[in-house]
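Student: I've got the model open and a list of questions about its helices and charged side chains. Can we go through them together?

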Amino acid sequence: MSLATLEATKARVAGLSFEGRAFLGAGYQPTRSGETFTKCSPIDGRVLAEVARCGEAEVDKAVATARQAFEDRRWSGLTPRARKQILLRFADLIESNAEELALLETLDMGKPIADAESVDLRLLVLCMRWYAEALDKIYDELAPVGDGAIGMIVREPIGVVGAIIPWNFPLMLAGWKMGPALGMGNSLILKPAEQSPLSTLRLAALALEAGIPEGVLQVVPGFGEEAGRALALHSDVDAISFTGSGEVGKLILQYAGQSNMKHVSLECGGKSPNIVFADVKDLDEAAEQAAWGVFFNQGEVCSAGSRLLAHESVREELVERVEAVAGTMRVGNPLDPETRVGAMVSDEQSARVLDYIKIGKQEGASLRMGGAPVEVERGGCYIPPTIFDGVKGDMRIAQEEIFGPVLSVLSFQDEAEAIQLANNTTYGLGAAVWTRDINTAFRVGKAMRSGSVWINAYDTGDISTPFGGYKQSGIGRDKSLHALDKYSQVKTLWVALG
Ligand code: ADP
């Protein structure tokens with residue numbers, strides 16, 4: 001069954017074509033210099049496409065086109081309902097092309113095809129529909145200023161927005177930016193990661209087909225230090241929305257300071273704690289979610305539950321059950337629908353993860369599971385679920401974001417120690433608390449310095465709930481109506497009454 005299905009998926013891949021040119025204005029265009037880079041698949045190293053290596057020239061052009069589109073109001077001047085209808089059409093087109101987009105995502109960055117379809121594409125469509133539907137239901141405000149005046153508080157689009165996205169969820173994160181940014185009426189320039197440009201490039205053509213006017217959504221593939229830097233440094237870009245590493249997030253803040261003080265929002269990952277108390281109601285459920293919470297998407301997830309904090313009385317039993325769940329996760333060719341853990345995105349990322357596994361051993365943590373790549377396809381790197389036990393709070397594998405399928409297990413004796421350990425990193429993206437006592441749940445939940453806290457669950461949520469970080473996990477929120485803040489200005493219109 002599985003093999004036959006892998007063959008079927010491979011046959012679908014054989015029928016695909018890949019577009020690597022930039023999407024500028026009305027369509028695909030080569031770079032001015034003709035420069036490209038070769039995009040290979042992390043599955044087996046096969047060459048997928050030559051991709052435009054955009055730099056300042058292409059970014060300048062995209063920004064000028066985006067500005068023109070914004071100024072002549074071809075998009076921002078439409079009624080919210082008209083924008084809604086076009087965005088709904090865009091969502092329908094994404095849905096009807098979901099199979100192709102999911103294959104591009106898997107080939108590009110190595111995630112299991114089953115997840116690309118059932119998670120990434122499903123959530124992208126849902127996200128676009130949610131923002132489209134929200135648009136014509138958002139009201140402005142009147143301030144309580146008395147009879148002498150009318151104090152109107154109106155939300156306006158910010159203008160030209162640059163969105164720099166990473167390679168772990170290219171389409172879904174593009175959706176988190178496109179929904180609110182396009183919904184508000186802005187012009188948007190997407191800079192996909194160099195590891196995963198193909199799916200968003202395809203998306204741009206669907207946007208145009210759906211009726212989003214020329215110049216409103218453009219895609220500039222290329223390297224971070226070239227295309228990404230040029231976009232974030234551009235003085236005619238009004239806002240940058242970035243998802244990626246903290247290191248680059250700090251550079252984006254500098255670029256804003258060196259140029260036009262553009263609005264910056266950042267989501268820069270985490271080292272999220274998953275805290276299991278002794279009175280956990282269902283240890284099997286906690287183990288199941290702890291395992292998926294860190295090994296899903298090869299652990300290449302900003303909100304991965306990469307630290308399991310277990311009360312010492314349940315630690316051993318919990319870890320045994322997490323191991324049992326992880327043992328059922330099939331590491332394999334991501335094109336195989338049975339695969340649960342696919343290929344690491346790049347040689348660089350694999351080396352980084354393997355290096356952390358070496359560091360964990362050197363620091364004295366005990367390796368209970370995994371730890372070495374497994375042979376799946378030549379030319380790809382496949383790291384199985386890996387578990388370190390006996391991790392101490394100050395070890396590097398307890399502090400630094402690994403972005404791979406590596407779980408660090410720490411134990412605690414009481415609630416105060418759990419809170420201290422949980423908050424003891426520079427990050428603050430997510431946290432989970434497993435307990436049957438509602439008082440513990442709320443006390444600990446409120447004590448977490450993180451943007452999301454899940455109680456008796458890990459990494460759940462909805463497009464209607466905000467997502468983002470405290471501390472160095474970032475600035476601003478994706479998802480929900482709060483995301484509109486990143487892509488809008490608030491204006492006071494004061495009307496004096498005579
Ligand atoms: P990761 O370490 O997960 O690859 P990065 O932060 O390096 O994350 O990359 C996230 C996104 O930021 C990618 O689109 C990448 O091209 C871009 N990027 C990397 N360096 C820079 C930079 N100096 N300026 C702007 N964007 C950058």
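**Helices and charge pairs**

Student: Which residues does Asp115 touch, leaving out those up to four places away in sequence?

Tutor: Quick ground rules: this is a predicted model, where local features need pLDDT of at least 70, side-chain atom pairs count only at pLDDT 80 or more, and totals for chains, interfaces and linings use all residues. Residues are numbered from 1 along each chain as its sequence is written, and side-chain values use heavy atoms, with hydrogens and water left out. Taking contact as heavy atoms within 4.5 Å, Asp115 touches Asp120, Phe296 and Arg340.

Student: How far from Asp115 is the nearest side chain of opposite charge?

Tutor: Lys and Arg count as positive, Asp and Glu as negative, and His and the chain ends aren't counted. A salt bridge needs a side-chain nitrogen of Lys or Arg within 4 Å of a carboxyl oxygen of Asp or Glu. Asp115 is buried (under 20% relative accessible area; exposed is over 50%, partly exposed in between, with a 1.4 Å probe and protein chains only). Asp115 has no salt bridge, and the nearest opposite charge, on Arg340, is away by 5.4 Å.

Student: Still in α5, what is the relative accessible area of Tyr131?

Tutor: Tyr131 is in helix α5, and beyond its neighbours within four places in sequence it contacts Gly179, Pro180, Ile463, Lys479, Ser480 and Ala483. Tyr131 is also 9.5 Å from Ala181, C-alpha to C-alpha, although the two are 50 residues apart in sequence. Tyr131 counts as buried, with a relative accessible area of 2%.

Student: Which parts does the salt bridge of Arg81 and Asp136 tie together?

Tutor: Their side chains meet at 3.3 Å, N to O.

Student: Asp389 pairs with Arg368; which strands do they lie in?

Tutor: Their closest N and O atoms are 2.9 Å apart. They link parts 21 residues apart in sequence, since Asp389 lies in strand β15 (residues 386–389) and Arg368 in strand β14 (residues 366–369). Asp389 is buried at 7%, whereas Arg368 is partly exposed at 25%. So the strands are β15 and β14.

Student: In the salt bridge of Glu194 with Lys191, how far apart are the closest N and O atoms?

Tutor: Lys191 is buried, with a relative accessible area of 1%. Glu194 is partly exposed, at 23%. The closest N and O atoms of the two are apart by 3.4 Å.

Student: Are α8 and α9 oblique or parallel to each other?

Tutor: Axes are lines fitted to C-alpha atoms, for helices over the stretch in contact, and angles run from 0 to 180 degrees between N-to-C directions. Angles under 35 degrees count as roughly parallel, over 145 as roughly antiparallel, 65 to 115 as roughly perpendicular and the rest as oblique. Helix α8 (residues 224–233) and helix α9 (residues 246–258) pack at about 45°, axes 8 Å apart. That makes the two helices oblique.

Note on methods
Helix = DSSP H or I, 4+ residues; strand = E, 2+ residues; numbered from the N terminus.
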